[in-house]
Amino acid sequence: MLQSPDRSPNPNPNHCPTPRSPSTTRRSRAVSLPDEWYKEQSLKHVVMKMHLRSLSASQSASPPSEADFSLMTGFKPLTLDPRGPDHTSLLSDEILLQIFSRLPISHYVSNSLVCKRWLYLHGRLVQSLELTDWSFLNSGRIFHRFPNLTELGIVDACIRTPRNSGIMLTHKNLSIHVSTEFSDRGFIQENDLLPSDLIDCGLEMIAQQYTNLRRLAAIGASENGLLSISNKCETLQELELHCCEDFSLKGISGCRNLQVVKLIGCIEGLYSSVVSDIGLTILAQGCRRLVKLELCGCEGSYDGIKAIGQCCQMLEELTLCDHRMDGGWLAALSFCGNLKTLRLQSCKSIDSSPGPDEHLGTCPTLEELHLQQCQMRDKPGVKALFLVCEAVREIVFQNCWGLEDEVFGTASVLRRVKLLSLEGCSSLTTEGLEAVILNWNELQGLRVISSNKIKDNEVSPALASLFSVLKELKWRPDSRSLLSSNLSGTGVGNKGGRFFKGLKG
């Protein structure tokens, strides 16, 4: 008698099996489509990983090709056919803008070349632009191409210079193509600059279209053009004006929210204009919320700086570049009651006639004093500057000429200096440096770079002891500096803690 292989023989042939109810009968569950798909994908995933491991184990391993990947995964690689349908057309402009806004700015130009729609969307993302072609503004194309600009510079577009001259003149405030013709006025002739009425017309168009403008750089603008900007652009915070005159500054008196102003009156060799005490007083009375002011090539005197200090009580940073101030202007700095940073750049003199020391006054809130590429041979002017800035905490000398031991010795009046930085001061010696900084009891940081007369072998034990307690020390007076080895055993670097920067040779 044959028996089923999955059943045991019944010992009692007369016994009938008890029937089971349908609920207790064990049935196999039907396999659903997701289960089959999951199994298939899992198997393909395992096969693909095994294949990749075998490829990496072999010496002649190479990455799998697209055919191998499609064979292992069952998915076809994505190909972009320019003749095929544009799938991005299914996305709205808002979604594409969100995607483009998350890309690096360096990708904007390449993305704008894909199609006209992407070109249009790219223009809506651009917020800052330096214009080089005046016709682009005069025709109104700029407003359709870039409708959301908040920062705009039109200086280069207002100068008619030969673009194919091959001669590029670069100044820290301007870079333009110039011709070989030169006159007493400079490389920029009177006819090279657009007429002021045409510039004013362009400023009026800008004011009407870009009411949310926050920064503007212009050249040769008159009172009418600047007045249209101040009436329409209420959010303007930063303004840069080249080649402007005194009375043209009346136009910005309505910019109540203006915080940063840069006035370039004269650039030697390029153009020349006059900004005197009259213009500084107009500026001070109209823009009382100034926080940062930069005067480049501007004339003036005690009266102009005093007006700025009295009216602009929120002024925190003042920069004078190649100033043409009359003697005695330093005493007016004491009226800047909230000044924190003073910068003097490319100044041929500090103050030709500072006056008696008792009449100078001080800036009690001053924290930083920066002197860059300045002429320091005038000892009375330098001494007067240090007296006005006696509360300074950080002082920086960078490529200053004439900073000899006797001139630097006047800095001994600065008793609260915590950081001193010397770079490119080739006239100062080790003895002159030591005579001053040993009297600064609050000194915590010292940087000496490219000052060839400061020598390692002239460092005295007292100066070495000072180095050992500094929190920051950068000592590289010349390329042969070996201070770290010369001062071995003096304890330099042991007391600075985690703030000590170390010695750099």
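**View 1. Glu-238 and Arg-215 join their side chains in a salt bridge, 3.6 Å from N to O.** The two residues lie in distant parts of the chain, 23 residues apart: Glu-238 belongs to strand β6 (residues 238–242) and Arg-215 to strand β5 (residues 215–219). A salt bridge here is a side-chain nitrogen of Lys or Arg within 4 Å of a carboxyl oxygen of Asp or Glu. Helices (H or I, at least four residues) and strands (E, at least two) are DSSP runs, numbered from the N terminus. The model is predicted: local features need pLDDT of at least 70, side-chain atom pairs count only at pLDDT 80 or more, and totals for chains, interfaces and linings use all residues. Residues are numbered from 1 along each chain as its sequence is written, and side-chain values use heavy atoms, leaving out hydrogens and water.

**View 2. A network of salt bridges links Glu-130, Arg-215, Glu-238 and Glu-240.** Arg-215 is buried, at 17% relative accessible area. Glu-238 is partly exposed, at 33%. Buried means under 20% relative accessible area, exposed over 50%, and partly exposed in between (1.4 Å probe, protein chains only). Searching the whole structure gives 9 salt bridges.

**View 3. Glu-294 and Lys-262 form a salt bridge, with their closest N and O atoms 3.9 Å apart.** Glu-294 sits in strand β10 (residues 292–296) and Lys-262 in strand β7 (residues 260–264), so the pair ties together parts 32 residues apart in sequence. Glu-294 is buried, with a relative accessible area of 16%. Lys-262 also counts as buried, at 17%.

**View 4. Arg-324 pairs with Asp-322 in a salt bridge.** The closest N and O atoms are 3.3 Å apart. Asp-322 is buried, at 15% relative accessible area. Arg-324 counts as partly exposed, at 29%.

**View 5. Strand β15 (residues 368–372) pairs with β14 and with β16.** Two strands pair if DSSP finds at least two bridges between them. Strand β14 (residues 341–345) runs parallel to β15 over 5 bridges. Gln-345 stands opposite Gln-372 of β15. Strand β16 (residues 394–398) is also parallel to β15, joined by 5 bridges. His-370 faces Val-396 of β16 as its opposite residue. Of the 5 residues in β15, 4 are buried.

**View 6. Strand β15, helix α12 (residues 379–388) and strand β16 make a right-handed β-α-β unit.** A crossover is right-handed if, with the strands pointing away from the viewer, the path from the first strand over the helix to the second runs clockwise.
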